[in-house]
Amino acid sequence: MTDRVVLAYSGGLDTSVAIGWIAEETGAEVVAVAVDVGQGGEDLETVRKRALACGAVEAVVADARDEFAEQYCLPALQANALYMDQYPLVSAISRPLIVKHLVDAAKKFNASTVAHGCTGKGNDQVRFEVGIGALAPDLKVIAPVRDFAWTREKAIAYAEERNLPIDVTKKSPYSIDQNVWGRAVETGFLEDIWNAPIEDVYSYTQDPSAQRDPDEVTITFDKGVPVAINGETVTVLQAIQELNRRAGAQGVGRLDMVEDRLVGIKSREIYEAPGAVALITAHKALEDVTLERDLARFKRTVGQRWGELVYDGLWFSPLKNALDSFIADSQQHVSGEVRMVLHGGRAVVNGRRSEESLYDFNLATYDEGDTFDQSLAKGFVQLWGLPSKIAAKRDQRN
């Protein structure tokens, strides 16, 4: 039986060329797998037909938008995951989902090898290969662009020689990866970190400096899950899409950062994540009133570590799985509504309410009706500061 290779297929030049090249170099049949995670562009049937026209013996296309939103974006939201306190893991959370579909296809079609189109300088090679190793340790992996110095010029020449049904003339000056959680842009003139991004870099967001009316929105959460926007019931996918539209129209979610890549280099990245930034902002605000102080403090540490693990390609690791359980348990009281104003590139919370709230107006107020017993504070302060006081006396003696 002829061996088979499962290829992570985007429908673009590099992966279309890879179908024939892998077949020629390895003698194996190629099964193309394309996964829709809300990246937009061509419809799945067009992508499937192109893969077959380029020589794939099978072409699998999966509409995984709801799966991506509910099983990958939602955990990132509940963790408030922001790598380096900024990046909402746009690409990092899509890779384990794609890996899952690649491994499923490899099992279905009896393939011994999985192929991807990543370079040797990025994080995605790690995310793909570590993920594949975690789910199917016996599968081999090949990466033509990385392992065989497969350049764009070689890919164009290959496509032209074989009359592959793909446009080889257009080339964006940027490298772009996008899905429903956000959009990542790099390379080109952006590699000079003194150069400011120009407006044509952006697609998900409008110019935040343009004159427009503010947009006020109320998001309802149930145990950490966004379930309604302005009272209208939504799925997780719909919540992200609606806030991409509304927050994006206000220029919310633009990020320009120099990022520490896993492979050891720094990289300048431009991100757009209007829905992700708006939802994380709202979710944090609701946690502020529903989580007990020590739980909230520790969860911030857990969320940071969770984001680092996911960024580093360890979605399927034992530690990340254990942190998932902690984060899920922490969400049992994160229910209520958050009102926020979207305007001028910012998402600003101006109201929150919850039946699970730990905020007690009568304890917090300084006006009439105050139920806080201030007579207890003096002894509390003395006991709280006692260790420091004793240490200070010792230091003075010495």
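1. Basis. This is a predicted model: local features need pLDDT of at least 70, side-chain atom pairs count only at pLDDT 80 or more, and totals for chains, interfaces and linings use all residues. Residues are numbered from 1 along each chain as its sequence is written, and side-chain values use heavy atoms, with hydrogens and water left out.

2. Five strands form an open sheet, ordered 3-2-1-4-5, with parallel pairing. Strands are DSSP runs of E with at least two residues, helices are runs of H or I with at least four, and both are numbered from the N terminus. Two strands pair if DSSP finds at least two bridges between them. The edges are strand 3 (58–63) and strand 5 (140–142), each pairing on one side only. From one strand to the next, the twist averages 25°.

3. Inside that sheet. Strand 2 (residues 29–36) pairs with strand 3 in the parallel sense over six bridges. The bridge partner of V31 in strand 3 is E58. Helix 1 (residues 13–26) lies across strand 1 (4–8), strand 2, strand 4 (113–115) and strand 5. Helix 1 runs at about 165° to strand 1. Axes here are lines fitted to C-alpha atoms, for helices over the stretch in contact; angles run from 0 to 180 degrees between N-to-C directions.

4. The annotated span. UniProt, in an unreviewed entry, lists residues 4–165 as "domain: Arginosuccinate synthase-like N-terminal". UniProt positions are given in the numbering used here, feature names are shortened, and annotations may be inferred rather than shown by experiment. The span is 49% helix and 15% strand, and its end C-alpha atoms lie 23 Å apart.

5. Helix 3 against helix 4. The axes of helix 3 (residues 65–78) and helix 4 (residues 94–108) come within 10 Å and cross at roughly 120°. The two helices are therefore oblique to each other. Angles under 35 degrees count as roughly parallel, over 145 as roughly antiparallel, 65 to 115 as roughly perpendicular and the rest as oblique. E67, F68 and Y72 in helix 3 meet S94, P96, L97, K100 and H101 in helix 4. Contact means heavy atoms within 4.5 Å. By class, the contact of helix 3 with helix 4 has four nonpolar, two polar and two charged residues. Ala, Val, Leu, Ile, Met, Phe, Trp, Tyr, Cys and Pro count as nonpolar, Asp, Glu, Lys and Arg as charged, and the others, Gly among them, as polar.

6. Helix 4 against helix 5. The axes of helix 4 and helix 5 (residues 124–135) come within 9 Å and cross at roughly 45°. This pair is therefore oblique. R95, I98, V99, K100, L102 and V103 in helix 4 meet D124, R127, F128, G131, I132 and L135 in helix 5. The contact of helix 4 with helix 5 counts seven nonpolar, one polar and four charged residues.

7. Another open sheet of five strands has the order 10-9-8-13-14, with antiparallel pairing. Strand 10 (232–233) and strand 14 (346–353) stand at the edges with a single partner strand each, so one side of each is left without a neighbour in the sheet. Strand 8 (residues 215–222) and strand 9 (residues 225–229) pair over four bridges. F221 has P226 as its bridge partner in strand 9.

8. Helix 8. Helix 8 (residues 236–249) packs on this sheet, touching strand 8, strand 9, strand 10 and strand 13 (336–343). Helix 8 and helix 9 (residues 274–290) pack at about 100°, with their axes 7 Å apart. That makes the two helices roughly perpendicular.
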